[in-house]
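These are my notebook entries on one model.

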Amino acid sequence: MVFGVHSEQEQEQEKDAGAGKKWAGNPHRSCAGGMGFGNYHKQRTQNGIMRKTLFVAALILLTASIVQGEQKRPNILWIVGENFALDLGCYGEKLVATPNLDRLATVGVRYTKVYCTSPVCAPSRSAFMVGMYQTTTDTHHMRSHRDDDFRLPAGVRPITHRLQDVGYFTANIKTIGERVVGTGKLDLNFVNEGKLYQSDDWDKLKENQPFFAQINMPEAEYDIYDRKSAEKLRVKWVGEEWHPQVATPENVTPPPYYPDHKIAREEWARYLNSVSGTDVRIGWILEQLKNDGLADNTIVMFFGDNGRLEARGIHWPFDSGLHVPMIIRWPRNHAAPKQIQPGKVDSRVISLLDITATTLWMGGIERAAGMQSRQFLGDDADPPRSFAFAARDRIDETQVRMRSVHDSRYHYIRNFTPGAGFLTLNRYKEKCFLVKPLMRQLHQQGELTGPAADLMAPFPDEMLFDTHADPHEIRNLAGSGKAVHREALIRLRTALDTWMTETGDRGHIPEPPGVVEPFVKEMDAWFGTPKWAR
């Protein structure tokens, strides 16, 4: 009904009222072939009742149609791996057991060139949760704005709020029954935007469709959140006591920038076994999704929040800190976009930032004006990226600024902090990543050689790597005289300068000393300070 315009039913009622007045003066006058007024009025009343019944039925059908239309939106499940690179069986790693993720890739799409916007969790998550670079929104420093009145810029909103606007039920899941499948982690550099999720209860998903659920995996991470790491001889990995022991110190080969040493091999095996442990939990999730009758209506997205948990990975904008896995499985009851085909390998350059706009598209939501995230699925997908950008800024107490840009082959890194490098003090790294103090010791003893010895020097101002020929990024081509390398250097240099300007990169603005100093005290209490740094 349009307000101000009578319905068909109301018009008929008005006609009936008029007829009653017309015939009231002569009750014996006949109509319609001799029908008396009483019979006529009775017939008209019956017709009115029938019309009312039909009108109500039409409203019910219309309402059901609207509800059905709303339910046609797919459920969306984000499974977020903690600190992972492309170390799954489906990506070619032999020393892991990842049957569930491998199967997901077989029926879904596996992406090979996805890069996060920061090599550490909080800035990376702060970007893909809103679809804006952390360097644009002033959320680029690790665990910043946790106790001030900072608000996101006008028009920038968490993805969960946008999904809730169109009827999505949102949840951040930690357990399924008695099984721990997630941490409930947010770790965002904005805390004043209101409640982000409506629930943490898996059992509420089935009765609240469509839903958007996020599960933040416990692995791979050191078991640090009791904040007693400083007291421990060795900080254990989360779940290491039960993880499948596929990798061992005897069968692993760490990257060449680490020494061939027992400690390096032990830590590498623990990381790979964390990958296998995560797959066990993902098996629980996918099994319950199926048992609850949700699998055929739920888009499943698995991806890493940032790169690998290793000393030269997380925190540093090398491939090992930025290159993340992503697998998307489309549900049977929803038509898949043309880019989704079972078993497909997608080698487009994609920024992890792009999951924001793409997830909104999955939910039938248009990207907000000014959003930097790009849509990589659908008939109206954005053109493929030529470049993926990343930034490293203050992490904990460690003030280092670096920027990065990938194209489909080359990776360019710019260091804005002279003297900074692998040996720069970070108390979390010094305590948990046993290979770092080991390498410091071996370096002092003159026992490091090759790429491991090269890593002890401060980072140069510029680095360029050919990721096809040099996947470990141990040969800096920034000074190469070859034309192909010079051309790549100039191209990526220019792309980075343009991106920093166009996106309003705030990395050049220093944090006040009063903001940084508390992190020094906090990290000392949490992880301790090595003797050489006291």
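Which residue in β14 does Arg414 stand opposite? I looked it up: Arg414 faces Glu462.

**Ground rules.** I am working on a predicted model, where local features need pLDDT of at least 70 and side-chain atom pairs count only at pLDDT 80 or more, while totals for chains, interfaces and linings use all residues. Numbering starts from 1 along each chain as its sequence is written, and side-chain values use heavy atoms, with hydrogens and water left out.

**Entry 1: the sheet.** I took helices (H or I, at least four residues) and strands (E, at least two) as DSSP runs, numbered from the N terminus. Strands count as paired if DSSP finds at least two bridges between them. I traced an open sheet of four strands, in the order β11-β12-β13-β14, and its pairing is antiparallel. At the edges I found β11 (388–392) and β14 (462–466), each of which pairs on one side only. On average, neighbouring strands of this sheet are turned by 15° against each other, direction ignored. Next I checked β13, residues 410–415. It pairs with β14 over five bridges, in the antiparallel sense.

Then I asked which helix lies across these strands. It is α13 (residues 483–502), and it lies across β11, β12 (402–406), β13 and β14. I noted its direction too: about 60° to β13. Contact here means heavy atoms within 4.5 Å. Axes are lines fitted to C-alpha atoms, for helices over the stretch in contact, and angles run from 0 to 180 degrees between N-to-C directions.

**Entry 2: a helix pair.** Two packed helices are described by the angle between their axes and the distance between the axes. I looked up α3 (residues 99–107) against α7. Their angle is about 60°, and their axes are 7 Å apart. That makes α3 oblique to α7. The classes are: under 35 degrees roughly parallel, over 145 roughly antiparallel, 65 to 115 roughly perpendicular, and the rest oblique.

Which residues meet? From α3 I listed Pro99, Asn100, Leu101 and Leu104. From α7 I listed Asp279, Ile282, Gly283 and Leu286. By class, this contact has five nonpolar, two polar and one charged residues. Ala, Val, Leu, Ile, Met, Phe, Trp, Tyr, Cys and Pro count as nonpolar, Asp, Glu, Lys and Arg as charged, and the others, Gly among them, as polar.

**Entry 3: pockets.** I used a 1 Å grid over the protein atoms alone: a cavity is a set of points where a 1.4 Å probe fits but cannot get out, and a pocket is an open set with protein on both sides within 12 Å along at least five of seven lines. Lining residues have an atom within 4 Å of a point. Grid points are joined across faces, edges and corners, and a volume is the space filled by probe spheres set on the points.

The largest pocket holds about 660 Å³. It is lined by 28 residues, and Leu86, Asp87, Arg308, Pro471 and His472 are the closest to its centre. β2 (109–115), α7 (262–291) and α8 (319–322) each give two or more residues to this lining. The largest share, four residues, is from β2. I sorted the lining into twelve nonpolar, eight polar and eight charged residues.

The second largest pocket has about 530 Å³. Closest to its centre, among 25 lining residues, are Arg143, Ser144, His145, Val515 and Phe519. Its lining has nine nonpolar, five polar and eleven charged residues.

**Entry 4: cavities.** How many cavities reach 30 Å³ or more? I count five. The largest cavity has about 130 Å³. Of its 18 lining residues, Met142, Arg143, Glu221, Tyr225 and Tyr428 are closest to the centre. Helix α14 (residues 513–527) gives the most to this lining, with three residues. The classes here are eleven nonpolar, two polar and five charged.

The second largest cavity has about 100 Å³. I found 13 lining residues, with Glu267, Trp268, Glu310, Ala311 and Val435 nearest its centre. α7 supplies the largest share, four residues. This lining has eleven nonpolar, no polar and two charged residues.

**Entry 5: backbone.** The peptide bond from Gln209 to Pro210 is cis, with omega near 0°. Pro210 sits in the loop between β5 (199–201) and β6 (211–216). Glu219 and Ala220 are also joined by a cis peptide bond, with omega about 0°. Ala220 is in the loop between β6 and α7. Last, I checked Asp187: its phi is positive, about 50°, although it is not a glycine. Asp187 lies in the loop between β4 (179–180) and β5.
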